[in-house]
Amino acid sequence: MREKNKNRLFWLLQFMGWGVANSLIFVFPFGFSRRYMVFSFLVAMVISIFTTSIYRFYLKKNVGLEFNESKKLFKLFIAFVICSLSYYLLAALSELIYENIWERTVEELSFIKENMSWGLALFNIFFTIFGWTVIYYGINLVIKANTNNLEKLELNATLREAQLNTLRGQVNPHFMFNSLNNIRGLMLEDVDKSEEMITKLSEMLQFAMAKNSVDAIPIQDELEMVENYISLSKIQMEDRLEFKKEVDKEVLQLKIPPMIIQLLVENAAKHGIANLKDGGFIKLKINKLDEDLNILVSNTGQLQIAKNSTQLGLKNIKQRLKLLYGEKANFSLNEIGDEVIAQVNIPQI
């Protein structure tokens with residue numbers, strides 16, 4: 001909480017708290033005259049606010065909120081005693097002023113004689129200032145705890161955004177590196193196909209750069225990227241690559257992190273179909289399971305990742321899902337029969 005807001009809260013609570021406490025004289029008049037009750041209320045408000053405001057100023061400047069030194073506790077005790085005695089002396093002075101201006105009624109004199117003494121009044125003042133001190137520190141400690149929690153949340157959000165920006169920056173270089181390697185291998189065999197691949201790559205990079213600066217895009221937009229990638233891959237693998245797609249129409253406008261599906265398909269093509277002499281298929285299936293979005297990419301082959309592979313694409317997917325959704329999203333990669341199946345579940349809130 002900003003210092004300006006803290007000061008506003010302090011003065012609001014000062015006037016409200018002391019107003020309620022001092023107005024008890026109207027609730028329990030004990031035979032006092034109306035004149036004395038009004039005088040007592042107004043004087044008590046001035047004394048209460050004046051003494052505790054100075055008390056608070058001293059505490060802020062010399063004691064603070066952490067009592068990690070005995071010296072601070074001693075300062076707090078001395079300030080507490082001085083504040084209480086000051087309150088007592090000002091209250092006693094106000095009573096003398098009242099008696100010099102107005103005469104007390106018989107009922108007032110009788111009540112004071114039977115029920116009040118300056119010793120009792122001093123005890124009540126000490127007790128009241130002690131209560132004020134407890135409430136003051138209690139509120140300030142709660143505010144400090146909330147401020148610390150807010151600062152932690154803001155720091156975590158800043159770190160999360162920085163991590164996401166780093167991960168986003170990995171996607172384009174990773175994809176471009178793989179594609180350029182494919183083009184380099186093809187240039188010696190077929191120049192025309194190489195030119196077509198470069199055109200496709202240019203279109204895909206333009207799309208990736210436009211969409212990669214956001215946390216989520218519609219599935220329909222992501223599928224355009226996938227179709228371009230498949231077209232690019234088929235130029236190289238020709239009939240060895242078969243692509244199948246089953247996407248429910250109701251999920252097309254749902255949003256996902258950009259390039260999640262594209263990276264899964266790319267991983268299936270590079271580590272699966274490209275290593276098979278006779279090729280195989282990549283199957284993409286997207287539907288809703290309960291309240292979660294289910295993305296499944298399967299391919300012919302075995303779960304064998306080359307030793308020199310950084311697995312950057314898979315790591316990127318896992319880290320982005322964790323940062324964006326925490327434990328609510330999950331990613332798995334398994335070999336079932338003669339297929340490798342990658343599955344992503346993303347919550348739809």
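**Overall features, a helix pair and a strand residue**

The accessible surface of the protein chain amounts to about 20800 Å², and carbon and sulfur atoms account for 60% of it. The model described here is a predicted one. Its protein chain holds ten helices and seven strands. Of the 349 residues in the chain, 39% are buried. Contacts between residues at least 6 apart in sequence were also examined, and 74% of these join residues at least 24 apart.

Helix α8 spans residues 219–237 and helix α9 spans residues 260–271; their axes come within 8 Å and cross at roughly 20°. Angles under 35 degrees count as roughly parallel, and α8 and α9 are therefore roughly parallel to each other. Their crossing is right-handed. On the α8 side, the contact is made by Ile219, Glu222, Met225, Val226, Tyr229, Ile230 and Met237, while α9 contributes Ile260, Ile261, Gln262, Val265, Glu266 and Ala269. By residue type, this contact comprises ten nonpolar residues, one polar residue and two charged residues.

Leu333 lies in strand β6, which covers residues 330–336. With a relative accessible area of 22%, Leu333 is partly exposed, because the buried class requires a value under 20%. Setting aside neighbours within four places in sequence, Leu333 has contacts with Leu303, Leu314, Val340, Ile341 and Ala342. Gln343 is ten residues from Leu333 in sequence, and their C-alpha atoms are 6.5 Å apart in space.

Definitions and conventions: Residues are numbered from 1 along each chain as its sequence is written. This is a predicted model: local features need pLDDT of at least 70, side-chain atom pairs count only at pLDDT 80 or more; totals for chains, interfaces and linings use all residues. Side-chain values use heavy atoms; hydrogens and water are left out. Axes are lines fitted to C-alpha atoms, for helices over the stretch in contact, and angles run from 0 to 180 degrees between N-to-C directions. Helices (H or I, at least four residues) and strands (E, at least two) are DSSP runs, numbered from the N terminus. Angles under 35 degrees count as roughly parallel, over 145 as roughly antiparallel, 65 to 115 as roughly perpendicular and the rest as oblique. A crossing is left-handed if the near helix is turned anticlockwise from the far one by less than a right angle, and right-handed if clockwise. Contact means heavy atoms within 4.5 Å. Ala, Val, Leu, Ile, Met, Phe, Trp, Tyr, Cys and Pro count as nonpolar, Asp, Glu, Lys and Arg as charged, and the others, Gly among them, as polar. Buried means under 20% relative accessible area, exposed over 50%, partly exposed in between (1.4 Å probe, protein chains only). Accessible areas come from the Shrake-Rupley method with a 1.4 Å probe; for residues, only the protein chains shown count as cover.
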